[in-house]
Amino acid sequence: MARFTRMQVLNTMYDTGLVPIFYHGDLNIAKEVIKACVAGGARIIEFTNRGDRAWNVFTALIGFLEQEAPDVIMGIGSVIDAPTAAMYIASGANFVVSPVLVPETARVCNRHKIAYLPGCGTLSEISQAEELGCEIVKIFPGDCVGGPEFIKAIKGPMPWTSLLPTGGVSMDNAQEWIKAGAACLGMGSQLIRKEWVSKGNFDAIRENVAAALKLIREARG
C-alpha cells in the first residue's frame, strides 16, 4: 500500500521539478544510487520495471526507504499493463509511470488513488490521458516527439496541461524544457550514468542531481 497520497506525490513532482529514473538488479547498488539521489536533493524517484529481479528489488527498496528515508517517495516505471501496475501498487508503489497510455491501468490506479503518468506523444493522447484522470502526463520519447518546442506548442491550446518529458532530457537542455512549460523533468541515463554506477562513483550522481535541481530552480526564476 502506498505511504503517500496522490496529492503528496503530484505536489512533490511540481515542487522539486525532477524525477530521477533508474534500474539496477543488485539491491545494494540500488540502495547506494537512491542514497546518492537523496543526498543530492531528490525527493521523488522512479525505479523502472526493466529486469528479471525488478519486483524483488523494488519491494526491498520500499522497505529500505520506510526505515532510512521515510520522506522520499518512490514509484514504478516502465509499466505497460494493468496487472503489473496492480502488483506494484500492492507492493507499495506510490505512483505508476508507463511508456504508453493504457486506459485499464489508469482505472486500476484511480481505484487506489495512485498517480498514473502515461507516456504520450500527441495532443489527442494527452487529452485522453487527462480524461482518464491523469494530472501529469509523461511526454515520451521527449526528443523524438519534438523536444521543448513540442511542450511549448501543446501549452498554447491547453495551458492547463502538466507535462513531464522523459527521453532526451539532459543537463544541457533541462532549462529549455522548463522554460518551454514542462511541469517537471524525468531524467535517467543522463542523470545517473552507467559508468558512475559500475565504478561505484556515487558522489558523481549526488553532484549531478544537485546540479540538475539547481538548473531547474534557475529556469523557474
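A residue counts as buried when its relative accessible area is under 20%. By that cut-off Ser-78, at 19% relative accessibility, is buried. Keep that threshold in mind as we walk through this structure, which is a predicted model.

## Backbone features in the loops

Let us stay with Ser-78 for a moment. Ser-78 sits in the loop between strand S3 and helix H4 (82–90). Its backbone deserves a look too: Ser-78 is not a glycine, yet its phi is positive, at about 60 degrees. As background, most residues other than glycine have a negative phi, and most peptide bonds are trans.

Lys-113 also has a positive phi, near 55 degrees, and is likewise a residue other than glycine. You will find Lys-113 in the loop between helix H5 (103–111) and strand S5 (115–120). Is Lys-113 buried or exposed? With a relative accessible area of 55%, Lys-113 is exposed, because the exposed class begins over 50%.

The peptide bond between Phe-140 and Pro-141 is cis, with omega at about -15 degrees. Pro-141 belongs to the loop between strand S6 (136–139) and helix H7 (142–145).

One more loop residue is worth a visit. Asp-71 lies in the loop between helix H3 and strand S3 (73–77), and at 53% relative accessibility Asp-71 counts as exposed. Which residues does Asp-71 touch, leaving aside its neighbours within four places in sequence? The contacts are Phe-4 and Arg-43. Gly-147, by comparison, is 76 residues away from Asp-71 along the chain, and the C-alpha atoms of Asp-71 and Gly-147 are 32 Å apart.

## Salt bridges

How many salt bridges does a search of the whole structure find? The search finds three, and they are set out here.

| Salt bridge | Closest N and O atoms |
|---|---|
| Glu-32 with Lys-35 | 3.0 Å |
| Arg-206 with Asp-203 | 3.7 Å |
| Glu-207 with Arg-206 | 3.7 Å |

Take the pair in helix H2 (residues 27–39) to begin with. Glu-32 and Lys-35 are three residues apart in this helix, so about one helical turn separates them. Glu-32 is partly exposed at 30% relative accessibility, and Lys-35 is partly exposed as well, with a relative accessible area of 42%.

Arg-206 is partly exposed at 30%, and Glu-207 is partly exposed at 48%.

## Helices that meet

Helix H2 also takes part in a helix pair. The axes of H2 and helix H3 (residues 54–68) come within 10 Å and cross at roughly 45 degrees. That angle makes H2 oblique to H3, since roughly parallel would need an angle under 35 degrees and roughly perpendicular one of 65 to 115. H2 passes H3 in a right-handed crossing.

Which residues meet where H2 and H3 touch? From H2 come Leu-27, Ala-30, Lys-31, Ile-34 and Lys-35, and from H3 come Val-57, Ala-60, Leu-61, Phe-64 and Leu-65. By class, this contact of H2 with H3 holds eight nonpolar residues, two charged ones and no polar ones.

Helix H1 (residues 6–16) packs with H11 at an angle of about 80 degrees, and their axes are 9 Å apart. H1 is therefore roughly perpendicular to H11. On the H1 side the contact involves Met-13, Tyr-14, Asp-15 and Thr-16, while Leu-213, Ile-216 and Arg-220 take part from H11. The contact of H1 with H11 divides into four nonpolar, one polar and two charged residues.

How values were computed:
Residues are numbered from 1 along each chain as its sequence is written. This is a predicted model: local features need pLDDT of at least 70, side-chain atom pairs count only at pLDDT 80 or more; totals for chains, interfaces and linings use all residues. Side-chain values use heavy atoms; hydrogens and water are left out. A salt bridge is a side-chain nitrogen of Lys or Arg within 4 Å of a carboxyl oxygen of Asp or Glu. Helices (H or I, at least four residues) and strands (E, at least two) are DSSP runs, numbered from the N terminus. Buried means under 20% relative accessible area, exposed over 50%, partly exposed in between (1.4 Å probe, protein chains only). Axes are lines fitted to C-alpha atoms, for helices over the stretch in contact, and angles run from 0 to 180 degrees between N-to-C directions. Angles under 35 degrees count as roughly parallel, over 145 as roughly antiparallel, 65 to 115 as roughly perpendicular and the rest as oblique. A crossing is left-handed if the near helix is turned anticlockwise from the far one by less than a right angle, and right-handed if clockwise. Contact means heavy atoms within 4.5 Å. Ala, Val, Leu, Ile, Met, Phe, Trp, Tyr, Cys and Pro count as nonpolar, Asp, Glu, Lys and Arg as charged, and the others, Gly among them, as polar.
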